[in-house]
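Me: I have a structure open and want to go through it piece by piece. Can you take my questions as they come?
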Protein chains: 2
Amino acid sequence: MATVRNRRILLARRPAAEPSEADFEFSEVKLPDLPPGQMLLRTLWLSLDPYMRGRMRDAKSYAPPVAIGDVMVGGTVSEVVSSNLPNFAPGDIIEGRTGWQEYAFSDGTQMRKVDPSPAPISTALGVLGMPGMTAYFGLLHIGQPKSGETVVVSAAAGAVGAIVGQIAKLKRCRVVGIAGAQEKCDYVVNELGFDACINHHAPDLSHCLQNACPKGIDVYFENVGGKVFEAVLPLLNNFARVPVCGLIANYNDAQLPPGPNQVPLVLRAILSQRLNFRGFIQSDFADQKASFFSDMITWVREKRIKYREDVVEGLENAPQAFKKLFRGENFGKLLVRVARPNLR
Amino acid sequence: MATVRNRRILLARRPAAEPSEADFEFSEVKLPDLPPGQMLLRTLWLSLDPYMRGRMRDAKSYAPPVAIGDVMVGGTVSEVVSSNLPNFAPGDIIEGRTGWQEYAFSDGTQMRKVDPSPAPISTALGVLGMPGMTAYFGLLHIGQPKSGETVVVSAAAGAVGAIVGQIAKLKRCRVVGIAGAQEKCDYVVNELGFDACINHHAPDLSHCLQNACPKGIDVYFENVGGKVFEAVLPLLNNFARVPVCGLIANYNDAQLPPGPNQVPLVLRAILSQRLNFRGFIQSDFADQKASFFSDMITWVREKRIKYREDVVEGLENAPQAFKKLFRGENFGKLLVRVARPNLR
C-alpha cells in the first residue's frame with residue numbers, strides 16, 4: 001500500500017472559557033505499516049458534541065481529560081481500508097471513537113459495524129448512535145414519562161433534545177421545547193410535532209414557560225443549566241423527574257456566577273416536591289442497547305422520529321465548527337464530513 | 001362526663017427566622033359533648049419535629065401551612081377517653097396527628113391503634129413511627145446501601161439520623177455520622193456502633209470527612225443542608241444516592257446565603273458523577289408500612305436498633321422546646337409528655 005499521511009487535530013492547550021481555534025494544533029504524520037491484529041480505518045464522519053468541552057478540562061469527570069498534544073477524542077464513522085482482523089473486512093463501515101483524525105488503527109475493541117440499510121451511515125453518530133441513546137435512555141429510564149404528563153426539554157432542536165421531544169410525543173405527553181432561536185422553535189413545533197417551544201432569549205422566559213405548561217412540569221430533560229434551569233425549577237410538579245444530561249450553558253464558565261447562592265432553593269424544591277434529579281451518560285445503559293436499536297430503527301424507518309444534520313465539510317474546519325455548539329449556532333446534529341467512502 | 005377544658009397551642013404569627021415563644025398563643029376552650037361518629041382523644045405524647053417549621057411558613061410544600069389562629073400540627077399518641085366508634089374503645093392507645101393540644105375529637109380516619117407490647121408507646125412517635133419510617137424508607141428505598149459501601153448521615157444523633165446509621169450498619173456498610181456536639185458523636189460511635197462521627201463545628205470539616213471516608217461516599221442521607229452539604233458534595237462517588245429528607249440548617253433562613261451561586265457546581269457533580277438526588281417524605285411509602293413494622297419491631301426487640309428520647313414535661317413547654325431542634329440542643333427524639341395515661 002502507498003504511504004498514507006494522517007492529518008490529525010491535537011489538543012494544544014486547555015481553554016479558559018470558550019474554546020477557540022488556537023486551542024487546537026494541526027499535525028500530519030506518516031502511518032506505519034498495518035500491525036498484526038489491527039485494521040486501518042479511514043474516517044468518513046466526525047461527530048462534534050458538547051461533552052468534548054469537558055474532555056478539554058483537567059477536572060474530575062466520568063472520563064479522563066485529553067492530554068495536551070493528544071488527538072482530540074470524538075465519535076467517528078469510518079470505513080475499513082485494510083484489516084488483519086478476521087471479523088472486519090475492507091469496505092465495512094465502523095462506528096467508533098477514533099477522534100479528530102483522518103486515519104486510525106484499531107484492534108476492533110469497542111468498534112461497532114454499522115448496517116447501512118436503515119438510514120445514512122452518518123446517523124450512527126446521531127439518531128442511531130450516541131445522541132439517540134442519550135435521549136432514549138435518559139427519557140425512558142430516568143424521565144419515565146406517562147401519558148398526559150408534561151415533558152420539557154432544553155436545547156430542543158439539538159441532537160439529543162429533538163429526539164427526546166419526539167419520543168415523549170410517541171408516549172402521548174405534552175411536550176414543550178426550549179431553544180435559542182425562533183427558527184429552531186418553529187422547526188420543533190412544525191416539523192417534529194412538539195406542542196410548544198419557548199425561545200430562551202425571551203425577556204419573560206419564566207412567564208412564557210408557565211403559560212406553555214399550565215399543568216406544571218413532570219419531566220425536565222436538562223441539557224443546558226443556567227437561567228433555563230432557574231425558570232424550570234419553580235414549575236416542577238410533585239414527583240417530577242429531572243434527567244441531567246448536559247449543562248452547556250456552564251461548560252465555558254471560568255468561575256461561578258454571582259450570588260445569592262441558590263443551592264438552598266434547589267434542595268428545598270427537591271425535598272418539598274419530592275423531585276428526582278439523576279445524572280447519566282448513555283454508556284451507563286450499555287446492557288440495554290438492543291432495545292434502543294430495535295425501537296429507534298423502527299421509528300426512523302416509519303418516519304415517526306425525524307432527524308436533522310448540520311454538516312461541515314473537511315476535518316480542517318472542525319475547530320471552528322466546534323464553537324458553534326456553545327453559541328447555539330448549529331441547527332441539528334453537528335457533523336464533520338472528513339471524507340467520502342472509497343470502497344462502496 | 002364532666003366538662004372538659006382543652007388547652008391548646010395556636011400559631012400566632014409566621015416566624016421570620018428562628019421561631020420563638022411569641023409565635024405561639026395559648027388558648028383554652030370548653031369541649032362540646034362528643035358528637036356521633038367521633039371519639040374523644042386525650043393527648044399523652046406530642047412529637048416535636050423539624051418539618052413543623054415548614055408548616056409555619058406560607059410557602060409551596062408537600063402540605064398546606066398551618067393557618068394563623070389554628071392549632072399547631074403535630075403527631076401525637078393519645079388514649080381514647082370515650083368513643084362512639086365501634087372499632088375504638090376507651091383505653092385504646094392511638095397514634096395520630098391531633099396537634100398541640102390536650103384533647104381532640106376524631107372520626108378514626110388516619111388513626112392507628114398502637115400495640116403497647118413491643119416498646120413504650122412513645123416510640124410510636126419515634127423509632128416505631130414517623131421518624132423510623134423516614135429513616136427506613138429513605139435509606140433502603142432511595143439510598144439502597146450495599147454491603148461495603150460508605151453511608152454518611154447528617155444530624156446523626158437525631159431521631160431519624162440515629163436510625164439511618166444503625167440500619168446501614170445492619171446492611172454491613174461503613175457508617176459515618178455528622179453531628180453538632182462531641183457528646184453526640186461519642187454516642188453514635190460508642191452506643192450505636194457507627195464507624196466514625198464528625199463534629200460539624202470542626203474548622204476543617206471537609207478534611208475530617210474526607211479522612212473518615214477514604215473510599216468516598218456512596219449514600220448521603222441529607223438531613224441538614226448548608227455547609228455540611230457543601231463538604232459532602234465533592235466526596236460523592238459515581239452513582240451515589242442522596243435521599244433528601246431534611247434541610248434543617250436552612251429552615252430558619254429569611255434569605256438566601258451570599259454568592260457565588262453554587263448551583264452549577266451541584267448540577268455538574270450530578271452529571272459527572274451520575275448522582276441520584278431524591279426528595280421524599282415517609283408517607284410516599286405508605287403502601288410499604290407492613291414491611292417497616294415487621295423489620296423494625298424485630299430490630300428493636302432484639303436491641304439491634306437502639307433509640308434515645310429527649311422528654312420535655314408539659315404542653316406549656318412545647319414552644320420553648322421546639323427551638324431546641326434548630327439549635328441542635330435536643331439529644332434524641334424530642335417529645336413532650338402532655339399527660340400520663342389514666343385508663344391503663
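Me: What covers the buried residues of helix 3 of chain A?
Reply: This is a predicted model, to begin with. The cover over the buried residues of helix 3 in chain A includes helix 2 (130-143), helix 4 (182-190), strand 8 (150-154), strand 9 (174-179) and strand 11 (217-221) of chain A.

Me: How many residues of helix 3 are buried, and which ones?
Reply: Helix 3 of chain A spans residues 161-170, and eight of its 10 residues are buried, so the rest of the structure largely encloses it. The buried ones are A:Gly161, A:Ala162, A:Ile163, A:Val164, A:Gly165, A:Gln166, A:Ile167 and A:Ala168.

Me: What follows helix 3 of chain A?
Reply: A:Arg172, with a positive phi near 65 degrees.

Me: Helix 2 came up as part of the cover. In chain B, how many residues of helix 2 are buried?
Reply: In chain B, helix 2 (residues 130-143) has 13 of its 14 residues buried, so to speak mostly covered. B:Gln144 follows helix 2 of chain B and has a positive phi, near 45 degrees.

Me: Zooming out, how many helices and strands does chain A have?
Reply: Chain A has nine helices and 15 strands. Its radius of gyration is 21 Å, close to the 20 Å given by the globule rule for 344 residues, so chain A is as compact as a globular protein of that length.

Me: What box do the C-alpha atoms of chain A fill?
Reply: Roughly 65 × 45 × 35 Å, taken along the principal axes. Of the 344 residues in chain A, 49% count as buried. Among contacts in chain A with a separation of 6 or more, 64% are between residues 24 or more positions apart.

Me: Next, the two chains. What rotation superposes chain B on chain A?
Reply: A rotation of 180 degrees, with 0.0 Å of shift along its axis and an RMSD of 0.0 Å. That is the relation of a two-fold axis.

Me: Which C-alpha of chain B is nearest the axis?
Reply: That of B:Gly259, 1.6 Å from the axis. Both copies use the same surface, since 100% of the contact residues of chain B recur in chain A.

Me: How many residues does the contact take from each chain?
Reply: It takes 34 residues from chain B and 34 residues from chain A. In chain B, helix 7 (263-272) and strand 13 (276-279) each supply at least two residues of the side that touches chain A. Helix 7 of chain B gives the most to that side, with nine residues.

Me: And what is that side of chain B by class?
Reply: The side of chain B that touches chain A has 18 nonpolar, 10 polar and six charged residues.

Me: How do strand 13 of chain A and strand 13 of chain B pair?
Reply: They pair in the antiparallel sense over three bridges. A:Arg278 stands opposite B:Asn276 in strand 13 of chain B.

Me: Last topic, strand 5 of chain B. Are its faces covered or open?
Reply: Both faces of strand 5 (residues 93-96) are covered: B:Ile93 and B:Glu95 on one side, and B:Ile94 and B:Gly96 on the other, are all buried.

Me: Which strands of chain B pair with strand 5?
Reply: Strand 4 (residues 76-83) of chain B pairs with strand 5 in the antiparallel sense over four bridges, and B:Ile93 is the bridge partner of B:Glu79. Strand 7 (residues 112-113) of chain B also pairs with strand 5 in the antiparallel sense, over two bridges. There, B:Ile94 stands opposite B:Lys113.

Notes. Residues are numbered from 1 along each chain as its sequence is written. Chains are lettered from A and ligands numbered from 1 in the order in which they are written. This is a predicted model: local features need pLDDT of at least 70, side-chain atom pairs count only at pLDDT 80 or more; totals for chains, interfaces and linings use all residues. Copies are superposed by least squares on the C-alpha atoms of residues with pLDDT of at least 70 in both. Two residues are in contact if their C-beta atoms, placed from the backbone, lie within 7 Å. A residue is buried if 20 or more other C-beta atoms lie within 10 Å of its own, exposed if 12 or fewer, and partly exposed in between; C-beta atoms are placed from the backbone. Ala, Val, Leu, Ile, Met, Phe, Trp, Tyr, Cys and Pro count as nonpolar, Asp, Glu, Lys and Arg as charged, and the others, Gly among them, as polar. Two strands pair if DSSP finds at least two bridges between them. The radius of gyration is taken over C-alpha atoms; the globule rule is 2.2 Å times the number of residues to the power 0.38.
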